[in-house]
Amino acid sequence: MRINLVSVFVDDQRAALAFYTDILGFTKKHDIPLGDASWLTVVSPEAPDGAELLLEPAGHPAVKPYRDALVEDGIPLVQFAVDDVEAEHARLTALGVVFTQPPTDVGTVMMAVLDDTCGNLVQIVSPKSAG
Amino acid sequence: MNAVTTVFRALDDETRRVILDELSARDGQTLFEICSTLSTRHGLSSTRQAISQHLGVLEAAGLVVTEKRGRSKFHYFNPEPLAEIARRWPVGERSPE
């Protein structure tokens with residue numbers, strides 16, 4: 001068994017696609033019209049055949065209270081690996097991305113948490129640099 | 001309980017003192033950040049619910065204030081109740097200088 005797809009609920013699929021590609025740097029994999037929404041996925045350019053992230057419409061009434069409660073407590077819904085959290089924090093901050101948690105040393109990794117502007121918090125991690 | 005009692009009771013707990021240490025080192029943290037640093041840096045394995053209750057005690061004592069920024073809630077250290085203790089029992093007057 002392999003993990004090939006995970007999803008995040010997004011307020012607006014087109015805005016989400018722009019954020020996840022233009023800002024975070026993922027690439028669009030599938031964009032298939034499906035009723036009034038799309039089967040919309042992105043992948044990492046470093047792993048185009050790897051796991052896909054589905055940008056799923058947040059229309060279900062259960063989504064808002066669920067996400068509001070998590071975001072209020074600063075809890076991320078998804079995690080991405082980067083080479084260097086500090087460098088990525090600097091790059092994304094310059095692009096206007098808001099972090100709810102700046103780079104934090106948690107022992108084995110550095111981590112930070114950002115707002116994806118589509119209703120979710122996203123955790124980024126990198127291995128701690130030696131020395 | 002009067003205000004002074006509330007402050008001393010809030011401080012009478014190691015986890016709550018460590019929370020104040022962490023907030024004075026980096027002010028303005030979410031519950032998630034506080035929980036992750038408590039477990040990874042201090043080996044405190046309290047549940048998120050327990051940490052949330054500790055924060056409630058600190059907030060009731062005026063040692064922590066919260067502010068909603070965007071959609072997330074951030075916790076800040078408020079040293080004012082401690083300053084009142086120092087005003088009542090000043091520490092400087094018996095120092096050699």
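A crossing of two helices is left-handed if the near helix is turned anticlockwise from the far one by less than a right angle, and right-handed if clockwise. Keep that at hand for the first exercise.

This is a predicted model, in which local features need pLDDT of at least 70, side-chain atom pairs count only at pLDDT 80 or more, and totals for chains, interfaces and linings use all residues. Residues are numbered from 1 along each chain as its sequence is written, chains are lettered from A and ligands numbered from 1 in the order written, and side-chain values use heavy atoms, without hydrogens and water.

**Exercise 1.** Describe how α1(B) and α5(B) cross.

*Solution.* 
- Step 1: Find helix α1 (residues 3-11) and helix α5 (residues 80-88) of chain B, whose axes come within 11 Å and cross at roughly 110 degrees.

**Exercise 2.** Characterise strand β6(A) and its partner.

*Solution.* 
- Step 1: β6 (residues 99-105) of chain A has five of its seven residues buried, meaning under 20% relative accessible area with a 1.4 Å probe, protein chains only.
- Step 2: Four bridges join β6(A) to β7 (residues 109-115) of chain A, and the two run antiparallel; pairing requires at least two DSSP bridges.
- Step 3: A:Gln101 stands opposite A:Val113 in β7(A).
- Step 4: The two strands form a hairpin with three residues between them, and A:Gly107 in the turn has a positive phi of about 95 degrees.

How values were computed:
Axes fitted to C-alpha atoms, helices over the stretch in contact; angles between N-to-C directions. Buried < 20%, exposed > 50% of the residue type's maximum accessible area, 1.4 Å probe, protein only.
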